[in-house]
Amino acid sequence: MKINILAFGIAKDILDGQTKEIELSHGNDVKSLKQTLCDTFPEFSKLRSLSIAVNEEYRNDDYELKESDEVVIIPPVSGG
Amino acid sequence: MINIELKDEPLSVEECNDLAVSPTAGGTVVFVGTVRDQTKGKKVTHLEFEAYKPMAISEMRKIAEQAAEKWQAAHVVIHHRVGKLDITDIAVIIAVATPHRKAAFEACEYCIDTLKETVPIWKKEFFEDGAVWVAAHP
């Protein structure tokens, strides 16, 4: 399955753009997306944390993604 | 009452205080986070804040609602800035009004501590010789 992802902060720098189409190669859940990201862009493995938000909520690794979801990479946050 | 804002223009302490103060609250605590001029001894020239806006607002609202419930706050106000900020500019203001002062201090601290952990906002620090996304790496 192919999904479109949105990236912010350092994730945008790693992807060299704010949006990217990602082909999921391990499965369709959040864990598989993280694995694909780390395989394709090793810089993601070096971050302090890597979270995924779907439709504006943080999601656990077992959350199943759908093509219509708004999927966002959330690198370590640093507001405040 | 919960009041949340994310904006790319200067924040107002007076506005946040006025929104928070309540006839039922005997204590209002206002936290003001400002831009510091150095990180680990290295001179910072300015900052940029980027946000995933809809989720940043919803996450700030969750925090405010949790604080309001736990500490019986009359009002919780959270305003956060985005865009370019200079040294001493205000990055965030949290104002909490509760019936008694101790709860206001605790609730305000809870809000800023949790905001720093969960709200999708990212800070880029600019130095004379480059820039880094804060806290991205261990």
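This is a predicted model: local features need pLDDT of at least 70, side-chain atom pairs count only at pLDDT 80 or more; totals for chains, interfaces and linings use all residues.
1. Strand β5 (residues 75-81) of chain B and β7(B) run antiparallel and are joined by 6 bridges. Within this pair, B:V77 stands opposite B:A95, a residue of β7(B). As background, strands of a sheet pair through backbone hydrogen bonds, either parallel or antiparallel.

2. Helix α1 (residues 13-20) of chain B has buried residues, namely B:C16, B:L19 and B:A20. Seen down the axis of α1(B), these buried residues fall within an arc of 95 degrees, so they line one face of the helix. On the other side of α1(B), B:E14 and B:D18 are exposed.

3. Chain B as a whole contains 3 helices and 9 strands. Along the sequence they follow the pattern β-α-β-β-β-α-β-β-β-α-β-β. The radius of gyration of chain B is 15 Å, close to the 14 Å that the globule rule gives for 138 residues, so chain B is as compact as a globular protein of that length. Its C-alpha trace spans about 50 × 25 × 25 Å along the principal axes. Of the 138 residues in chain B, 36% are buried. Among contacts in chain B with a separation of 6 or more, 76% are between residues 24 or more positions apart.

4. B:Q72 sits in the loop between α2 and β5 of chain B. Is this residue buried, partly exposed or exposed? B:Q72 counts as partly exposed because 14 other C-beta atoms lie within 10 Å, whereas a buried residue would need 20 or more and an exposed one 12 or fewer. Leaving aside residues up to four places away in sequence, B:Q72 touches B:T98, B:P99 and B:A103. The C-alpha atoms of B:Q72 and B:P99 are separated by 7.7 Å, although the two residues are 27 residues apart along the chain.

5. Chain A has 2 helices and 5 strands. From the N terminus on, its elements run β-α-β-α-β-β-β. The radius of gyration of chain A is 11 Å, close to the 12 Å that the globule rule gives for 80 residues, so chain A too is as compact as a globular protein of its length. Along the principal axes, the C-alpha atoms of chain A fill a box of roughly 35 × 25 × 20 Å. Buried residues account for 34% of the 80 residues of chain A. Of the contacts in chain A between residues at least 6 apart in sequence, 44% join residues at least 24 apart.

6. A:E64 is found in the loop between β4 (57-58) and β5 (71-74) of chain A. With 12 other C-beta atoms within 10 Å, A:E64 is exposed, the cut-off being 12 or fewer. Not counting residues up to four places away in sequence, A:E64 touches A:N28 and A:D29. A:E64 and A:G27 are 37 residues apart along the chain, and their C-alpha atoms are separated by 8.9 Å.

7. The last point concerns the two chains together. In the interface, 25 residues of chain B are in contact with 16 residues of chain A. On the side of chain B that touches chain A, β4 (42-51), α2 (53-70), β7 (90-98), α3 (101-118) and β8 (121-127) of chain B each supply at least two residues. The largest share of this side, 4 residues, comes from α3(B). By residue type, this side of chain B divides into 17 nonpolar, 5 polar and 3 charged residues.

How values were computed:
Residues are numbered from 1 along each chain as its sequence is written. Chains are lettered from A and ligands numbered from 1 in the order in which they are written. Two residues are in contact if their C-beta atoms, placed from the backbone, lie within 7 Å. Ala, Val, Leu, Ile, Met, Phe, Trp, Tyr, Cys and Pro count as nonpolar, Asp, Glu, Lys and Arg as charged, and the others, Gly among them, as polar. Two strands pair if DSSP finds at least two bridges between them. The radius of gyration is taken over C-alpha atoms; the globule rule is 2.2 Å times the number of residues to the power 0.38. The arc is that of the directions from the helix axis to the C-beta atoms.
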